[in-house]
Structures are given as structure tokens and as C-alpha cells.
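Subject: A structure for you to explore

Hi there,

Here is the structure I promised to pass on to you. Have a look at it first, and then read on for what turned up.

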Amino acid sequence: GEVQSHVRDVFSRLADLDDELDGLSPVGRDGDSLASQVDAVRGFLGRVAALRSDLEDHGGDCTAMLRREGSSPDLLALRRETEALSRQAGKLAERGQARLGQIETATERVHDFYANVAELQGMLGRAEDSLEAQGAVGTEVEVIKQQLQDYKVGEQLRPPLSLPLPLPLPLSLSLSLPLSLSLPLPLRLFLFLSLSLTHTHVVQI
């Protein structure tokens, strides 16, 4: 009777945990919400692990009673119920681990995005410094030619930058993407950084 009562309690806890997992909010898009979700899912997995441990103990009790009292229909049914609950708890743990993996992947993408933002800010700062250092456009033909040649050399030496481009793109943007790549660098950076963070894809700009 006591073991059967414990099994009913475990069944209720398992149902509550299943509802808890289904009720989790969608994967976040900022560092704070993602960190909070990681903590929540890890706490959930800890409770599932405790539940599975209890089920193992109940299964051991059932086995001991079967050896001591013989194979009674009630004990056999109780052991089968315990085994079924153990399988459900295992599947619940797998779902929780999968959810944790999704959140951790999203966290890595957010960190990569902000690292790229910092890199772009540095590039913009260096580009502004370079423009200020070039001085005014010359008034003589030879001076203008030299300034143009210096500009072309600088463009050739600039390494391509890979940054995450979220997908899917809006239709109007995807159709105009080849045109957007011909825009000046600051405008291209503003265009790419203004997109959402749904998915990532590498684009050379």
C-alpha cells in the first residue's frame, strides 16, 4: 500500500513536470532572458533526475516484495506501472535536454552577434579616422589622381568581413540584396545590423 501510494505521487509529479516543460516560454533573443531560461531548464532537469531516482527506488522495492511475497497480480501490475513511469520520465529528460541545447545554441549566436557588432564599431571608427586623415580633395589633376589611387589601394587591402545575416530575409530586401552590396560601407553595415536575429548565415560585404 505504501509503495502504491508513492507511485501515485510520482505519477502526479511527472504530470506536473510535463506541464512545466510545455509551458516554458519560447527561446529568448537577448542575453538576460537566455541566461534565465538556462537556469530554469537546468532546475527542471534536476527535478526530473530526482523523480527518476525515486522511481528506481520504488522499482527496487517492488522487486524485493516480489521475491519475498511471491508473484502476486497486484505487485506485478505495480512493477509494470513503475517501469512505464520510468520510461516516461526518461523521455521527459530527453525533451528537457533538447530544449537546453536550443537555448545554449541561441546564446552562442547572440554572443557572436554582439562580438561582430563590436568589430563593426571598431571598423567604422577606423574608417572615420582614415577619412579625416585624408584631408581635402586636391584641386590639381595629378593630386586628384594620386588621392584616387591611394583610395583604391586602401579598398584592396581591406579584408572582407563576415557577419551573421539573419534569415529568412524579407522579400523586398532579398530582391534588392545585390544592389545593396554596391552601397557605401557605412550604409551596408547599417542595413545588415538592422535585421532581426532569427537565424544566421554568413555573407561577405
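Before the details, one term you will need: a residue counts as buried under 20% relative accessible area, as exposed over 50%, and as partly exposed in between. Please also keep in mind that this is a predicted model.

Let's begin with the overall layout. The chain holds six helices and two strands, and their order along the sequence is α-α-α-α-β-α-α-β. Of its 205 residues, 28% are buried. The chain exposes about 13400 Å², and carbon and sulfur atoms supply 56% of that area. Among contacts with a separation of 6 or more, 77% are between residues 24 or more positions apart.

Next, take a look at helix H2, which covers residues 31–69. How far apart are its end C-alpha atoms? They are 57 Å apart, which agrees with the 57 Å that 39 residues should span at 1.5 Å a residue. At the start of H2, Asp 30 places a side-chain oxygen within 3.2 Å of the backbone nitrogen of Asp 32. Just after the helix comes Gly 70, with a positive phi of about 95 degrees.

Now for the charged side chains.

Another salt bridge joins Asp 18 and Arg 95, at 2.8 Å from N to O. This pair links distant parts of the chain, with Asp 18 in helix H1 and Arg 95 in helix H3 (residues 73–134), 77 residues apart. Asp 18 is partly exposed at 28% relative accessibility, and Arg 95 is partly exposed at 37%.

The next one is formed by Glu 104 and Arg 42, whose closest N and O atoms are 3.5 Å apart. Here helix H3 contributes Glu 104 and helix H2 contributes Arg 42, and the two are 62 residues apart. Glu 104 is partly exposed, with a relative accessible area of 32%, and Arg 42 is partly exposed at 47%. There is also a network: salt bridges that share partners join Asp 9, Arg 13 and Asp 54.

Finally, let's turn to the nonpolar residues. In soluble globular proteins, nonpolar side chains tend to be buried together. In this model, the largest nonpolar core has 23 residues. Which residues have the most contacts inside that core? They are Leu 14, Leu 17, Phe 44, Val 48, Leu 85 and Leu 92. The elements that give two or more residues to this core are H1, H2 and H3.

Enjoy exploring, and write back with any questions!

Best wishes

Terms used. Residues numbered from 1 in each chain as written. Predicted model: local features only at pLDDT ≥ 70, side-chain atom pairs only at ≥ 80, totals over all residues. Heavy atoms only, no water. Helix = DSSP H or I, 4+ residues; strand = E, 2+ residues; numbered from the N terminus. Expected span 1.5 Å × (residues − 1). Polar contact = N/O pair within 3.5 Å; in protein donor to acceptor, adjacent residues only side chain to side chain. Buried < 20%, exposed > 50% of the residue type's maximum accessible area, 1.4 Å probe, protein only. Contact = heavy atoms within 4.5 Å. Areas by Shrake-Rupley, 256 points an atom, 1.4 Å probe, with all protein chains shown as cover. Salt bridge = Lys/Arg side-chain N within 4 Å of Asp/Glu carboxyl O. Core = buried A, V, L, I, M, F, W, Y, C linked by side-chain atoms within 4.5 Å.
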